[in-house]
Amino acid sequence: QKTAYEMTIKIWDTETGEELRTLRGHTSGVRCLQFDDTKLISGSMDRTLKVWNWRTGECISTYTGHQGGVIGLHFDASILVSGSTDATVKVWNFEDKSTFLLRGHTDWVNAVRVDTLSRTVFSASDDCTVKLWDLDSKNCIRTFEGHVGQVQQVVPLPREFEIEEEHDLECDANSTTSDSP
């Protein structure tokens, strides 16, 4: 059974609800995107990433290199990272135009997160693991195991956060918070 995904990207004015523009160019479903003040980067099941000027609608460039659909991406400063159904993570350097693949997952890579400061990348996969990669050595530093299902997302806590010492907490939907003792 094939799932249909939208092949276009729409830019909306959130104040008025008006559709400002539609970005067309992918030939299969768009699965992920991220934008900043100047550009929008999209990843698609057509195995490509596209860099857009979202203000004008112009497609600036198309990146190819995955053997499967692109389902996760994240960029920070000069580094773009993508995750694919081909079980790889691809790193793209905007400055020197270099690229390389990180191999080690055994199933779809659903989400990626790059941290330029520490020169690392996290990846989350259908193989039930999260991996931490070193951008300089291009090696997996650590594999986090313990999920019993496919890992759909990874978001590292900011460095200033402190973890409570309790483990395996469950969210109780019936609990309430009160200011009184």
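**View 1. Y63 and F94, two aromatic residues, are both buried.** Burial here stands for a relative accessible area under 20%, with exposed set at over 50% and partly exposed in between, using a 1.4 Å probe and protein chains only. The model is a predicted one, in which local features need pLDDT of at least 70 and side-chain atom pairs count only at pLDDT 80 or more, whereas totals for chains, interfaces and linings use all residues. Residues are numbered from 1 along each chain as its sequence is written, and side-chain values use heavy atoms, with hydrogens and water left out.

The count of aromatic pairs comes to three, where rings of Phe, Tyr and Trp (the six-membered ring of Trp) pair if their centres lie within 6.5 Å, and planes under 30 degrees apart count as stacked, over 60 as edge-to-face and the rest as tilted. Y63 and F94 form a tilted pair, with 6.5 Å from centre to centre and 50° between the planes. This pair links distant parts of the chain, since Y63 belongs to strand β6 (residues 58–64) and F94 to the loop between β9 (88–93) and β10 (99–103), 31 residues apart. Strands and helices are DSSP runs numbered from the N terminus, a strand (E) having at least two residues and a helix (H or I) at least four. Through ring pairs, Y63, W92 and F94 are linked into a cluster.

**View 2. Two lysines, K90 and K138, lie over aromatic rings.** A charge is taken to sit over a ring if NZ of Lys or CZ of Arg is within 6 Å of the ring centre and within 35 degrees of the ring normal. K90 lies over the face of W92, at 5.0 Å from the ring centre, and W92 is also a member of the ring cluster with Y63 and F94. In the case of F100, the charged end of K138 sits over the ring, 4.5 Å from its centre.

**View 3. The hairpin of β1 and β2 has six residues between its strands.** Strands β1 (residues 9–12) and β2 (residues 19–23) pair in the antiparallel sense over four bridges, pairing being assigned if DSSP finds at least two bridges between two strands. I9 and I11 make up the covered face of β1, while K10 and W12 make up the uncovered one. W12 stands opposite E19 in β2, and E19 in turn meets K10 in a side-chain salt bridge of 3.3 Å, N to O. Both partners are partly exposed, with E19 at a relative accessible area of 35% and K10 at 34%. Within the hairpin, G17 takes a positive phi near 80°.

**View 4. Three salt bridges are found in a search of the whole structure.** The criterion is a side-chain nitrogen of Lys or Arg within 4 Å of a carboxyl oxygen of Asp or Glu. Besides the bridge of E19 and K10, K39 forms one with D36, where the closest N and O atoms are 2.8 Å apart; K39 is buried at 17% relative accessible area, whereas D36 is partly exposed at 27%. R119 bridges to D136, with the closest N and O atoms 2.9 Å apart. Because R119 lies in the loop between β11 (109–115) and β12 (120–125), and D136 in the loop between β13 (130–134) and β14 (139–144), this pair ties together parts that are 17 residues apart in sequence. R119 is partly exposed, at 30% relative accessibility.

**View 5. The largest nonpolar core has twelve residues.** Such a core is a set of buried Ala, Val, Leu, Ile, Met, Phe, Trp, Tyr and Cys residues joined through side-chain atoms within 4.5 Å. Its members are I79, V81, V89, V91, F100, L102, V109, V112, V114, V121, W133 and L135. At least two residues of this core come from each of β8 (79–84), β9, β10 and β11, and β11 gives the most, with three. V121 touches V81, V89, R113, V114, K131, L132, W133 and L135, not counting residues up to four places away in sequence, where contact means heavy atoms within 4.5 Å. Apart from this core lies another, of eleven residues, including C32, Y63, L73 and F94.

**View 6. R47 and C128 have positive phi values although neither is a glycine.** Most residues other than glycine have a negative phi. R47, in the loop between β4 (40–44) and β5 (48–53), has a phi near 80° and is partly exposed at 44% relative accessible area. C128, in the loop between β12 and β13, has a phi near 75° and counts as partly exposed at 23% relative accessibility.
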